[in-house]
Amino acid sequence: MIRFDNVTKTYMRGQHPAVENLDIEFTRGEFVFLVGASGSGKSTMMRMVLKETGPTRGTVYVAGKDLSRIPSWKVPALRRDIGMVFQDFRLLPSKTAYQNIEFALAVIGTPRKVVRRLVPEMLEMVGLEDKGKRLPHELSGGEQQRVAIARAYVNRPSILLADEPTGNLDPSTAEGILDLLGEINERGTTVVMATHDHSAVDRMRRRVVEMVGGQVVRDQEGGRYESETPVSVISGNLPDDSAHREEHPLDAAEYREPAERTERTEPEDDSAADVLEEELIDERDARLERDEAAFDEEDEDEEDRR
Ligand code: ADP
Ligand code: MG
């Protein structure tokens, strides 16, 4: 689904690379936590997947396609199949929750009838069915993030990238957001979440990729936030650690094949997905040039009618 093939990204000549010799693959349907200190390269990885920035060396593949070979006019289509959620929500401040979600559909030319069905469905999925008319500033942080997730997911993207989505939320609100991302993953979307949220990682026990200085230092299935390899084992001064080891002590923390690698190509819930299959996405590509100005006009019409 996503593959970094010996990828190095240096933003400025002479600077330490943001990402260095990255060789990693995220398969379809996986839920992956990217952990590591600020500046370790997590956001850079996501930006490369979105083709917001390109690698200095190496190749990034998304759905088997070498991104450097995707022409710029096809980039919007790529991004449409990748939902993105940010720490600071990034909702359109003058649009209601409903309209924020609607916007994501309308700019790609989704028929109005479909929009009217999907937006309430998404609001319900994120538990905001009664708050569609609220503006972002009339919603709590957690609610705003729910809207942002609904907007990112309404097109049923095959990939959802979440860059510290719980970073601005209190722990119990963060849990709800995490559950939602888990549900989206259950429905078949590959989720990659950069986070500093220890409890999120420890609760989910999914694949953990830990970055230090642009390099992967741990890739562990079912991991916790903190590496579980005891420091004493790493430094080799445990009196007799043979009982605790399997092969080389560090190998235990190395990446193993995901335990359940069921190919979940179809979302389990096809009520909305049926209209959002590949053909429809292709069809939308053809309508790509339809601009946002046209939508804004329609939007005003719609408001008048409400
Ligand atoms: P993280 O998301 O893990 O905090 P980033 O990918 O944002 O890490 O940053 C990795 C490194 O790249 C940092 O040293 C950061 O300063 C640098 N960096 C990120 N974006 C840019 C940019 N646009 N220009 C120059 N350097 C950047
Ligand atoms: Mg970041």
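Predicted model: local features only at pLDDT ≥ 70, side-chain atom pairs only at ≥ 80, totals over all residues.
**H3 against H4.** Ala 97, Tyr 98, Ile 101, Glu 102, Leu 105 and Ala 106 of H3 touch Val 115, Leu 118, Val 119, Met 122 and Leu 123 of H4 (contact: C-beta atoms, placed from the backbone, within 7 Å; helices: DSSP runs of H or I, at least four residues, numbered from the N terminus). By class I get 10 nonpolar, no polar and one charged residues (nonpolar: Ala, Val, Leu, Ile, Met, Phe, Trp, Tyr, Cys and Pro; charged: Asp, Glu, Lys and Arg; polar: the others, Gly among them).

H3 spans residues 97-106 and H4 residues 112-125; they pack at about 130 degrees with axes 10 Å apart (axes: lines fitted to C-alpha atoms over the stretch in contact; angles: 0 to 180 degrees between N-to-C directions). I therefore log the pair as oblique (under 35 degrees is roughly parallel, over 145 roughly antiparallel, 65 to 115 roughly perpendicular, the rest oblique).

**H3 against H5.** I then took H5, residues 141-153, which packs on H3 at about 20 degrees with axes 8 Å apart. That makes the two roughly parallel. Ala 97, Asn 100, Ile 101 and Ala 104 of H3 meet Val 147, Ala 150 and Arg 151 of H5. I record five nonpolar, one polar and one charged residues there.

**Ligand 1.** I listed its shell: Tyr 11, Met 12, Ala 18, Gly 36, Ser 38, Gly 39, Ser 40, Gly 41, Lys 42, Ser 43 and Thr 44 (C-beta atom, placed from the backbone, within 6 Å). Three are nonpolar, seven polar and one charged.

**Conventions.** Residues are numbered from 1 along each chain as its sequence is written, chains are lettered from A and ligands numbered from 1 in the order written. Local features need pLDDT of at least 70 and side-chain atom pairs count only at pLDDT 80 or more, while totals for chains, interfaces and linings use all residues.

Definitions and conventions: Contact = placed C-beta atoms within 7 Å.
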